[in-house]
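The entries follow the order in which I worked.

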Amino acid sequence: MEPDNGTRISEFVLLGLSEEPDLQPLLFGLFLSMYLITVLGNLLIILAVSSDSHLHTPMYFFLVNLSFVDICFTSTTVPKMLVNIQTQSKVITYGGCITQMYFFLLFAGLDNFLLTVMAYDRFVAICHPLQYTVIMHPRLCGWFVLLSWTISVLNSLLQSLMTLKLSFCADLEIPHFFCELNQMIQLACSDTFINNIVISFVAVLVGGGPLAGILYSYSKIVSSIRAMSSAQGKYKAFSTCASHLSVVSLFYCTLLGVYLSSPATHNPHSSATASILYTVVTPMLNPFIYSLRNKDIKGALKRSFGMTV
């Protein structure tokens, strides 16, 4: 693939998290460990839900999809970073960079939409428990996931095609450990006004819309819990959505912290470091958050492996 200009661009340079040679083995070991934990943890969630018919419910259906997306999300960035550290090469091809950016946007968008759908699922379960099975029927759950994929694919395709039309000059160093969209646009020497407008519009529509839906769902959930007379009922209702609320808080707080930081204090290296929280740490912690206090998941794993979990 080539950019639409007279200059042939064949590769970019990913500067990574640090250029200190002494830190490279530490970074390699750290990120390899986190990646393996992420993949193994999320695969265990998928195995537990798939192998236990009692967990074939809407909540766990969405959780399996989230676990799959988290594996793909982390696999988009971390393996390439590990290869770069191991080979001591920071080069990524132009086509590879665009491809990485496409899949990163795709799975980030899916994470966003799946968390929103899971919030709606908890809203229906707590606020309309008697109608839960009628509302959250399998066909609707399937449509939710299909719609999430469709919007995410269209968004990432749009952003990638618009980036392909940009012209790039001599400075091809990306101060990040992956091909991040904003960093790519900042390297362009052609007009990026339309790109910035589209990014802002999509951020409000694709990012702000789901976040507003999550906040609305939880405002209704809190109102319903407060209206309950039984303390035990309140605890049970809250415990069913505590894990999801923890994941939502971790994902959105880190994401918003990176992209809404003040331009005056914005530092590319700090932004790259902070991005680790939502690109690597959050997908790694999700299986622990959803399983540590979840007797159903632990029971399914126990039956699968024949051991105490």
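The entries below take the cores and then the pocket.

Entry 1. I noted at the outset that I was working from a predicted model.

Entry 2. I looked up the largest nonpolar core and found that it has 66 residues. Within this core, I listed Leu17, Phe31, Leu115, Ile221 and Ile297 as the residues with the most contacts. Helix H3 gives the most, with 15 residues.

Entry 3. I examined Ile297 and set aside its neighbours within four places in sequence. On that basis, Ile297 is in contact with Ile45, Ala48, Val49, Leu55, Tyr60, Leu63, Tyr290 and Ser291.

Entry 4. I also recorded a second, separate core of 21 residues. Tyr94, Phe168, Ala188 and Ile199 are among its members.

Entry 5. I turned to the second largest pocket, which holds about 800 Å³ of space. Its lining comprises 31 residues, and I noted Met59, Arg122, Lys236, Ser239 and Thr240 as those nearest the pocket centre.

Entry 6. Which helix supplies the largest share of the lining of this second largest pocket? I found that H8 does, with 10 residues. Helices H2, H3, H8, H9 and H10 each supply at least two lining residues.

Definitions and conventions:
Residues numbered from 1 in each chain as written. Predicted model: local features only at pLDDT ≥ 70, side-chain atom pairs only at ≥ 80, totals over all residues. Heavy atoms only, no water. Core = buried A, V, L, I, M, F, W, Y, C linked by side-chain atoms within 4.5 Å. Buried < 20%, exposed > 50% of the residue type's maximum accessible area, 1.4 Å probe, protein only. Helix = DSSP H or I, 4+ residues; strand = E, 2+ residues; numbered from the N terminus. Contact = heavy atoms within 4.5 Å. 1 Å grid on protein atoms, 1.4 Å probe; cavity = no way out; pocket = protein on both sides within 12 Å on 5 of 7 lines; lining within 4 Å. Points joined across faces, edges and corners; volume = space filled by probe spheres on them.
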